[in-house]
There are 2 protein chains.
Amino acid sequence: MGGGGGAAEILPRTRPALDSTLVSRPRPLSGFPEYTPEQRVVEQHVLDRLRETFELHGFASIETRAVEPLDRLAKQGEIDKEVYAVQRLHADPDAKAELGLHFDLTVPFARYVLENSHQLAFPFRRYQIQKVWRGERPQEGRFREFTQADIDIVDNTTLAAHHDVELPLVTLHALERLYADLGLPPVLMRVNNRRLVQGFYAGLDITDTAAVLRQVDKLDKIGRDKVAELLTEQQGLTPTQTRACLELAEISTGDGSFVERVRALKVSDPELDAGLELLAAVVETARRHVPGRLVADLKIARGLDYYTGTVYETELVGFEGWGSVASGGRYDSLASDGKTTYPGVGLSIGVTRLLAPLFAGGLLTASRAVPTAVLVAVDDEESREAAIAVAEQLRGRGIATEVAPKADKYGKQIRYADRRRIPYVWFGAPPHSEVKDIRTGEQLPADPARWGPDPADLRPAVRGPADQQPV
Amino acid sequence: MGGGGGAAEILPRTRPALDSTLVSRPRPLSGFPEYTPEQRVVEQHVLDRLRETFELHGFASIETRAVEPLDRLAKQGEIDKEVYAVQRLHADPDAKAELGLHFDLTVPFARYVLENSHQLAFPFRRYQIQKVWRGERPQEGRFREFTQADIDIVDNTTLAAHHDVELPLVTLHALERLYADLGLPPVLMRVNNRRLVQGFYAGLDITDTAAVLRQVDKLDKIGRDKVAELLTEQQGLTPTQTRACLELAEISTGDGSFVERVRALKVSDPELDAGLELLAAVVETARRHVPGRLVADLKIARGLDYYTGTVYETELVGFEGWGSVASGGRYDSLASDGKTTYPGVGLSIGVTRLLAPLFAGGLLTASRAVPTAVLVAVDDEESREAAIAVAEQLRGRGIATEVAPKADKYGKQIRYADRRRIPYVWFGAPPHSEVKDIRTGEQLPADPARWGPDPADLRPAVRGPADQQPV
């Protein structure tokens with residue numbers, strides 16, 4: 001509240017607005033999700049597990065500022081229409097905005113690598129969990145502010161191919177913990193490789209890869225026959241070319257057997273060979289370490305026009321229509337300063353996107369919305385000090401504890417705890433203190449220097465759909 | 001990297017900019033601090049301890065969106081000049097910006113309370129750790145983007161006085177952990193009470209409290225004689241009034257004895273009495289629970305014009321000139337919707353401000369910039385899979401582990417670890433595996449299912465100035 005800013009000043013630089021003129025409740029801003037305290041407990045559990053998994057795999061945390069120069073947010077001279085520009089409100093009216101809010105964590109990361117290349121050790125492994133902003137027209141499933149959790153490995157010479165295998169493993173380990181620990185739905189990651197597809201098309205003498213991919217990408221929406229029609233009529237492919245493209249797109253396997261199926265199509269090209277080998281390594285390693293969670297899917301087209309090798313996308317099982325919750329790929333040039341080129345491979349987990357359908361369906365809940373495990377009841381204001389002493393003893397032993405705000409009758413203090421789903425209420429000070437489990441009503445003598453709650457009650461627990469019905 | 005956004009789309013909505021046109025290293029933006037991975041380790045340690053302390057005291061986490069409607073960031077019809085306005089870059093050129101980045105966490109919290117009042121349990125205890133933005137002209141110690149950690153308690157009727165005692169205790173417990181665990185400097189919190197000062201002035205028949213406080217606030221800068229001159233000549237106080245104001249401002253005690261010293265000035269007023277009692281409770285309770293860290297200081301003037309009771313500010317011992325690192329106070333009306341008024345009391349820790357002088361002086365360091373405790377060496381690419389298996393066993397037991405990116409000679413792999421200050425390198429797979437402490441050179445047989453590092457090496461450790469020279 002207030003400050004942390006500025007030396008003692010009688011006229012502070014910022015004053016909280018007191019909303020005394022308001023006559024109605026403020027309304028949410030569309031596209032800017034805000035959580036209730038209970039939902040925030042769930043989100044914290046998710047973020048903690050992502051962080052822990054990333055750190056166990058040796059990724060260092062960085063954060064970048066929220067803004068980038070607008071010209072850095074541009075692509076080939078064109079500013080993305082979804083960028084939010086940021087400008088001092090009292091800037092010169094003719095002044096052009098020079099800064100924008102970042103719309104992903106890749107652009108800031110690429111800039112950070114260039115800016116700090118002299119003091120980073122390469123290959124550099126980093127994770128980054130931050131909000132990003134996109135000035136979209138709001139609609140279901142689109143957010144203007146949302147949280148992403150990215151991992152990337154970047155090098156300053158070449159970047160070894162085994163990192164393309166490592167990154168999806170780390171991501172799947174992270175998502176697997178959300179499934180196993182919190183009951184979020186399991187995921188399925190679909191992987192493809194641009195060199196494979198491009199080589200295959202080259203072997204078929206197809207030149208406009210991007211245009212063909214754009215049609216193939218419609219398979220799920222309009223079906224095989226319509227796509228065949230478009231490929232023949234709009235892209236001018238021969239029936240043989242069309243059939244081969246569709247047959248490639250239909251290949252999806254959870255092991256290396258896709259290689260044989262591609263070979264059976266009798267197309268040959270050196271880039272195709274390279275792509276097959278890389279993709280087989282990803283799928284086979286994943287099959288051993290995170291079985292059932294990753295498939296080679298040769299129709300995946302998203303990102304193939306800007307990633308240069310492996311591409312990843314990931315669906316929540318049971319919520320496939322919601323789109324990808326973890327996407328990424330490899331860039332041969334994530335960044336370059338003219339002298340050095342930095343290749344990178346990475347994945348971005350859309351945390352807000354992951355949670356949104358589950359929150360919307362009421363499928364993710366916390367056992368309580370407060371960290372508090374124990375409420376220390378207060379007999380009267382004179383004994384508040386003794387209650388504080390009990391609370392400090394419990395906190396010193398890692399037990400989150402509140403002191404009751406009012407020396408009401410015990411029944412009312414218990415209702416205070418009950419309304420917050422705080423499991424225990426403490427009465428009195430040692431040597432005559434007792435603790436009551438207000439769910440069972442059981443009340444027993446207890447010493448604040450030794451008593452502990454049921455370990456399951458120590459922190460709020462999260463319950464997701466996979467807790468109820470194993471998938 | 002990339003997405004987490006959108007269903008499969010051949011033309012993704014955002015494309016990372018590849019900086020291939022850049023010819024020079026990008027430069028930092030003034031006022032937007034970014035940390036090296038090592039500094040980020042320090043910041044994470046700090047934030048983790050703040051969060052843990054807040055949760056042990058029963059504060060629930062919330063986050064609010066980064067933007068508020070501009071009219072909410074206004075004060076009495078006037079927009080704060082430091083606000084950053086936010087607008088879609090391709091908005092209608094005549095369109096006025098309607099949103100701004102929040103400049104503190106109090107305004108958004110007040111709005112959140114009004115918006116969610118129907119589903120919050122009061123008194124509502126929340127903490128909030130987020131970035132805030134101020135479009136200031138950059139200068140030393142001023143930031144345009146910085147992190148605050150706020151705790152507040154808000155009620156929907158009256159808010160009990162003991163919360164004015166509780167809040168500084170929680171804050172001091174949090175800051176004490178930074179001192180004890182991380183070696184940050186200790187702090188001194190200075191507390192005053194508006195009712196005390198206003199009552200005292202009223203008892204002296206001084207009416208323009210704010211103007212007098214503005215002069216008294218200059219004591220540290222221009223000294224007692226100059227302030228006396230200003231009070232007499234500019235505010236028109238009598239010599240008796242002037243002397244009394246200065247004598248009050250000189251009172252500062254670490255216990256309740258300030259009450260006697262104020263009484264000795266022979267001014268009487270009912271508000272003065274109320275203020276003395278409230279302030280005495282804060283100081284006496286703090287003396288018992290966090291001895292030596294809090295004083296009543298009756299010259300503290302900052303915030304007395306908008307807080308309505310207790311006010312807090314906090315200096316880092318040894319870095320007093322840097323200004324307050326934790327400030328706050330009580331509002332009788334933190335928010336109001338016309339029907340209900342919500343009183344609150346809170347404190348804000350300026351995390352960026354706290355760390356800035358220590359980083360600038362090179363006084364805060366981490367034992368390493370990566371989470372990794374063990375690097376598993378790789379003999380050749382064929383045995384990478386075995387190295388991954390060792391790494392997974394170690395990670396499963398909570399030990400952050402990387403697999404070496406390249407099957408170089410062992411000496412080179414050890415240098416990879418050394419450059420990152422990773423303490424251990426693992427060789428081979430069981431039953432013939434060994435682990436080397438690369439600081440001592442000691443190498444011993446080890447089983448990945450049982451071996452653990454020295455607990456002090458498990459995570460990066462932080463070392464601050466108070467580790468070197470106890471205060």
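Is Asp205(B) buried or exposed? I counted 9 C-beta neighbours inside 10 Å, so Asp205(B) is exposed. The cut-offs I used: buried means 20 or more other C-beta atoms within 10 Å of the residue's own, exposed means 12 or fewer, and partly exposed lies in between, with C-beta atoms placed from the backbone.

A note on the ground rules. This is a predicted model, in which local features need pLDDT of at least 70, side-chain atom pairs count only at pLDDT 80 or more, and totals for chains, interfaces and linings use all residues. Residues are numbered from 1 along each chain as its sequence is written, while chains are lettered from A and ligands numbered from 1 in the order in which they are written.

**Entry: positive phi in chain B.** I stayed with Asp205(B), which has a positive phi of about 65 degrees although it is not a glycine. Asp205(B) sits in the loop between α4 (194-203) and α5 (209-216) of chain B. (Helices are DSSP runs of H or I with at least four residues, strands are runs of E with at least two, and both are numbered from the N terminus.) Next I checked Lys266(B), another residue other than glycine, and found its phi positive, near 60 degrees. Lys266(B) lies in the loop between α8 (258-263) and α9 (270-289) of chain B, and it is exposed, with 8 other C-beta atoms within 10 Å. Most residues other than glycine have a negative phi, and most peptide bonds are trans.

**Entry: cis peptide bonds in chain A.** I found the bond from Phe122(A) to Pro123(A) to be cis, with omega near -5 degrees. Pro123(A) belongs to the loop between α2 (106-115) and β7 (124-133) of chain A. Pro430(A) and Pro431(A) are also joined by a cis peptide bond, with omega about 10 degrees. I placed Pro431(A) in the loop between β18 and β19 (434-437) of chain A.

**Entry: a strand in chain B.** How many of the 10 residues of β8 (145-154) of chain B are buried? Nine are, so this strand is largely enclosed by the rest of the structure. β7(B) (124-133) runs antiparallel to β8(B), with 10 bridges joining them (two strands pair if DSSP finds at least two bridges between them). Across that pairing, Lys131(B) is opposite Thr147(B). I also traced seven antiparallel bridges between β8(B) and β14(B) (341-350), where Gln148(B) has Gly350(B) as its bridge partner.

**Entry: a sheet in chain A.** I read off an open sheet of five strands in the order β17-β16-β18-β19-β20, with mixed pairing. β17 (401-403) and β20 (443-445) of chain A are at the edges with a single partner strand each, so one side of each has no neighbour in the sheet. Inside the sheet, β16(A) (374-376) pairs with β18(A) (424-427) in the parallel sense over three bridges, and Val376(A) has Trp426(A) as its bridge partner.

**Entry: Thr242(A).** I found Thr242(A) in helix α7 (239-249) of chain A, and it counts as buried with 23 C-beta neighbours inside 10 Å. Beyond its neighbours within four places in sequence, Thr242(A) is in contact with Ala228(A), Leu231(A), Thr232(A) and Leu237(A) (contact means C-beta atoms, placed from the backbone, within 7 Å).

Definitions and conventions: Two residues are in contact if their C-beta atoms, placed from the backbone, lie within 7 Å.
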